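Let's take a walk through the charged side chains of this model. Have the structure open and follow along.

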Amino acid sequence: MKEKLHIIRHLFTLSAALLLMLGLISHPAQAAGQTASVSVNRSAGICTYTVQGLDPGTNNSMALQVSRKNNAVAAYQENITLTAENCPNGTYTGNFSLKSLNGILDEYNVNILVGDSTISAGTCDFSVHSGNLSLKAEGGNADTTRTITVTSSVPAGDVVIPGEDKQVYVAAWPDGTDENKAKTIALKTPFVDGNMTFSANIAQAGTAYGKWNVKLVLDNGNSGTPLTLATSSYHIAPTQKTFLVQKSKTLEKKKSFGINLDGLKNVYGVKKVRFQIYSSKGKKITTVTGTSKKADGSKYYAEVSLKKLDYLLDLYTIKAVLTDNNNNTQTLDMTALADERIQSGTLSVSRKKNATCLYKLTNPYIPGNIKKVRFILYQVNGKKLKKQGSYVVTGTSGKKKISLKVPNEDKGNYKLQVYGYTSWGKKVLLNEETYRLRKKDLGKNGWFYEKYAGKTYKFYYVNNKKLTDLTDIVNLKKSSSSNTNRLYIELNRAACAVTIYLYNEETKKYDIPIKTCSVSVGRDTWTNAGTSGLNEDSSYTPLGTYSICTNGQSVKYTLKTMVEPDDSIVYARWASHIVGNVYFHAIAVGAQSHYALPSSTYNRLGSPASAGCIRMTVADAKWIYDYASTGTTVKIVKGNSSKPGPLGKSPVIKTTSGINYDPTDPEVPDSRKKADYKAKRITGYMTKKGKKVGY
């Protein structure tokens with residue numbers, strides 16, 4: 001029946017159009033007194049028309065003609081027989097529905113044909129008022145489920161879509177692709193004016209990332225092409241909460257940094273994550289694969305060693321690339337920065353009142369920790385640099401402040417350079433500073449009278465440093481038959497320290513301390529007797545006042561054979577007699593060799609260790625031998641270990657196992673001592689020319 005009606009309408013339209021073209025018919029005027037009107041119930045989808053001024057006795061029929069407003073295409077026609085019953089008082093009322101129009105939503109012109117007259121009843125609005133609709137897709141870019149909200153606002157009594165049983169659904173398609181390939185993401189549901197909410201699974205639409213278009217579609221059923229009511233858009237992209245580079249003391253020790261990606265979500269799931277690392281110039285240096293730290297795939301971690309970056313210290317940009325469950329890859333929008341650059345820190349030079357400069361390096365940083373720092377000082381003369389000193393500070397890993405005090409040696413201009421050493425052995429210039437020293441910055445220089453332990457002594461300073469060996473300063477000559485040095489020697493037995501004084505012509509006292517020595521005294525430190533108890537079996541150093549060669553004779557030996565309490569024979573170099581069997585001498589050895597001194601014996605220097613003699617280094621024993629004239633007073637006092645003497649107690653060199661010589665012995669080649677010092681087998685040494693190194 002529908003097909004027949006459609007054919008009739010089509011033939012009617014063609015016939016009318018042909019007759020008009022030929023000029024054979026014209027629009028008849030509306031009959032006088034006849035009117036028509038329409039009213040529309042959009043909600044029910046019914047259009048009611050009313051015709052007035054009819055006379056069933058004159059015209060017993062009329063026709064309803066409904067055509068689409070936009071193109072005049074006939075949509076529905078009905079012939080009506082007029083009777084007194086259906087046309088009381090000349091008024092006829094009828095209706096037609098959307099179903100009569102095949103459910104096609106549009107605006108329609110309604111005309112009534114009475115005889116040769118056409119009466120316009122008006123327009124029946126069965127169109128969609130989509131302008132009153134808004135569509136919104138809500139949810140995060142990585143949310144699989146999105147909330148689709150439809151909002152309508154129409155005047156009272158109106159509806160967005162005319163008719164009943166209106167079904168709508170939601171479909172989506174990637175931006176830039178064919179809309180006809182849109183796929184349903186929310187199934188059909190009856191349309192309701194006001195607000196509607198859909199829960200849409202967007203993963204059903206495809207596998208693409210980026211912008212997606214979404215539309216609300218009216219399902220017209222058998223009435224034709226589905227009608228788009230409203231559109232919007234949403235995006236699909238992986239998201240994350242945090243993407244950070246992690247550093248810690250543990251990682252620094254491993255010369256590494258960590259990458260943390262947390263809160264990762266993706267519509268299409270996460271199969272794996274890789275981290276691409278780029279240099280500051282945009283070059284990809286390496287790629288590392290992340291390790292999943294949560295079962296849901298929301299957290300990934302990777303550890304990157306500097307070795308993998310070829311120890312290139314740079315500011316790196318890190319990108320995360322995920323592979324989804326469809327084996328598609330997507331790069332996250334968020335990036336992380338790994339600052340593996342050197343931080344030079346702040347270098348300051350402070351001049352102190354004690355004629356020193358304090359070098360302070362604050363907040364330096366080298367990835368993988370700073371193994372050590374070297375301060376190199378140059379004296380500046382025009383454009384020339386003269387190296388003044390090199391100072392190494394160790395134990396600097398992880399420290400934010402590295403400081404060093406250096407004595408001021410001379411006035412002038414200086415440049416200080418600070419180098420850091422990486423844990424893989426590279427030397428890096430961290431910072432540099434220039435400064436100037438004036439005469440006032442050098443502190444004390446020359447002779448000063450000062451008190452020590454309640455007595456006044458005359459000291460000699462060089463750049464605020466009290467010298468502990470004034471042999472050259474006082475121009476002391478070696479003792480001989482023609483030269484007698486006026487010296488006084490005092491041994492503080494408790495401190496194992498010897499202080500040598502020079503006679504002061506100004507004060508007429510022995511109050512110029514010119515040298516201090518660390519020594520070993522007799523093992524017996526509790527006996528306070530003098531020489532009366534000395535015998536072959538005693539092992540104490542006698543208290544009392546004696547002299548070099550107390551018997552009045554010059555008794556000195558370059559090498560002296562001695563008998564130990566156990567009757568063993570030992571050999572002592574540079575021996576100077578004091579009293580009885582007590583001598584100043586270098587540590588005795590069991591063979592006449594410069595390489596017969598065990599380190600265990602040498603390392604006891606500075607503490608009680610002898611059978612009563614005063615053991616010394618080779619250098620100190622030779623000094624006594626060379627400069628202490630016969631008759632020089634030697635006073636041995638019980639003493640106090642906390643007050644060794646006005647010059648203090650000189651530092652003691654230590655040796656490791658396998659070193660069998662005295663590091664101050666001039667007969668041992670400098671080259672050997674230098675090699676052992678560099679290898680840390682000895683803590684210091686004295687060169688053949690008497691220069692102290694390391695102590």
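**Charges on the outside and the inside**

Glutamate 536 is exposed, at 68% relative accessible area, where exposed means over 50%, buried under 20% and partly exposed in between (1.4 Å probe, protein chains only). Before going on: this is a predicted model, in which local features need pLDDT of at least 70 and side-chain atom pairs count only at pLDDT 80 or more, while totals for chains, interfaces and linings use all residues. Residues are numbered from 1 along each chain as its sequence is written, and side-chain values use heavy atoms, with hydrogens and water left out.

You'll find glutamate 536 in the loop between β35 (509-518) and β36 (544-547); helices (H or I, at least four residues) and strands (E, at least two) are DSSP runs, numbered from the N terminus.

Aspartate 620 counts as buried, with 10% relative accessibility. Its side chain makes a polar contact with the side chain of lysine 515 at 3.2 Å. Such a contact is a pair of N or O atoms within 3.5 Å; within protein, one must be able to donate a hydrogen and the other to accept it, and residues adjacent in sequence count only if both atoms are side-chain atoms.

The term means a side-chain nitrogen of Lys or Arg within 4 Å of a carboxyl oxygen of Asp or Glu. Lysine 622 is partly exposed at 23%, whereas aspartate 626 is buried at 11%.

How many salt bridges are there by this rule? The count comes to 20. One of them joins the side chains of glutamate 179 and lysine 215 (3.0 Å, N to O). Glutamate 179 lies in the loop between β10 (167-174) and β11 (183-190) and lysine 215 in strand β13 (residues 210-219), so this pair ties together parts 36 residues apart in sequence. Glutamate 179 is partly exposed at 34%, and lysine 215 is buried at 11%.

Another salt bridge links glutamate 303 and lysine 254, with 2.8 Å between the closest N and O atoms. Since glutamate 303 is in strand β20 (residues 300-305) and lysine 254 in the loop between α2 (249-253) and β16 (256-262), the pair ties together parts 49 residues apart in sequence. Glutamate 303 is partly exposed at 35%, and lysine 254 is partly exposed at 44%.
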